[in-house]
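Visitor: I have a model open and would like to learn how to read it. Where do we begin?

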Amino acid sequence: MKILENIEKKIKMTPQRAAILKYLEGNTSHPSAEDIFESVRKKYPMISFTTVYNTLQTLKDLDRVRELNIDDERKRYDPNVNLHHHLICNNCKKIVDIFIDFPLDISEEEAQGYTISCRHVEFYGLCPKCRKTKNKGQGNRNRD
Ligand code: ZN
Ligand code: MN
């Protein structure tokens, strides 16, 4: 399901909401509500953070965005609701998609009566950019 598919039948469209949807469509940066607010308000200075937040909640309820609780500072949003996994940088919190098909099926016994609605694997580490900076820091320390 694409984020914009038949969306005008599901939510009342306003120029602000349209701008939020346009920002999210195809966005792979896993933005926070703050990121979306900062970007959209460049074009719509009157938009409130509450509008952004409420729109995200509505989209979440409609299964048009996935809310990610993997950044402990802020919730992040993913317009790709299809099954995929994430690489997370412990330093800058950059989140990157992984599309590997992991064998994630569990037996009925392992499910312990739960109905499974989401399967998600998270890999934590350092992104290439942060690795470079960290190595540089190490070098300086060694010279002292
Ligand atoms: Zn990083
Ligand atoms: Mn993703």
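Guide: Keep in mind that this is a predicted model. Start with polar contacts across the domain boundary. Between domain 1 and domain 2, seven residue pairs are in polar contact, both partners at pLDDT 80 or more.

Visitor: Which residues belong to domain 1 and which to domain 2?

Guide: Domain 1 covers 1-81, and domain 2 covers 83-144. Their centres, taken over C-alpha atoms, are 23 Å apart.

Visitor: How many salt bridges are found across the interface of domain 1 and domain 2?

Guide: A salt bridge here needs the side-chain nitrogen within 4 Å of the carboxyl oxygen. The rule finds one across this interface. As for a pair to inspect, Lys-93 and Asp-72 form a salt bridge through their side chains, at 3.9 Å from N to O.

Visitor: How much area do domain 1 and domain 2 bury between them?

Guide: About 980 Å², with 51% of it on carbon and sulfur atoms. On the domain 1 side, the residues losing the most area are His-30, Arg-66 and Ile-70; together they make up 53% of what that side buries. Counted by contact, eleven residues of domain 1 meet 13 of domain 2.

Visitor: Now pockets. Which residues line the largest pocket?

Guide: Asp-63, Val-65, Arg-66, Val-81, Asn-82, Leu-83, Ser-117, Cys-118 and Arg-119. Both domains take part: domain 1 and domain 2 each supply at least three lining residues. Arg-66 links the two topics, as a lining residue and among those in domain 1 that lose the most area to domain 2.

Visitor: What is the volume of the largest pocket, and what classes make up its lining?

Guide: The volume is about 240 Å³. The lining has four nonpolar, two polar and three charged residues.

Note on methods: Residues are numbered from 1 along each chain as its sequence is written. Chains are lettered from A and ligands numbered from 1 in the order in which they are written. This is a predicted model: local features need pLDDT of at least 70, side-chain atom pairs count only at pLDDT 80 or more; totals for chains, interfaces and linings use all residues. Side-chain values use heavy atoms; hydrogens and water are left out. On a 1 Å grid over the protein atoms alone, a cavity is a set of points where a 1.4 Å probe fits but cannot get out, and a pocket is an open set with protein on both sides within 12 Å along at least five of seven lines; lining residues have an atom within 4 Å of a point. Grid points are joined across faces, edges and corners, and a volume is the space filled by probe spheres set on the points. Ala, Val, Leu, Ile, Met, Phe, Trp, Tyr, Cys and Pro count as nonpolar, Asp, Glu, Lys and Arg as charged, and the others, Gly among them, as polar. Domain bounds come from an automatic or database domain assignment. Contact means heavy atoms within 4.5 Å. Buried area is the accessible area (1.4 Å probe) that two parts lose on being put together, summed over both. A polar contact is a pair of N or O atoms within 3.5 Å; within protein, one must be able to donate a hydrogen and the other to accept it, and residues adjacent in sequence count only if both atoms are side-chain atoms.
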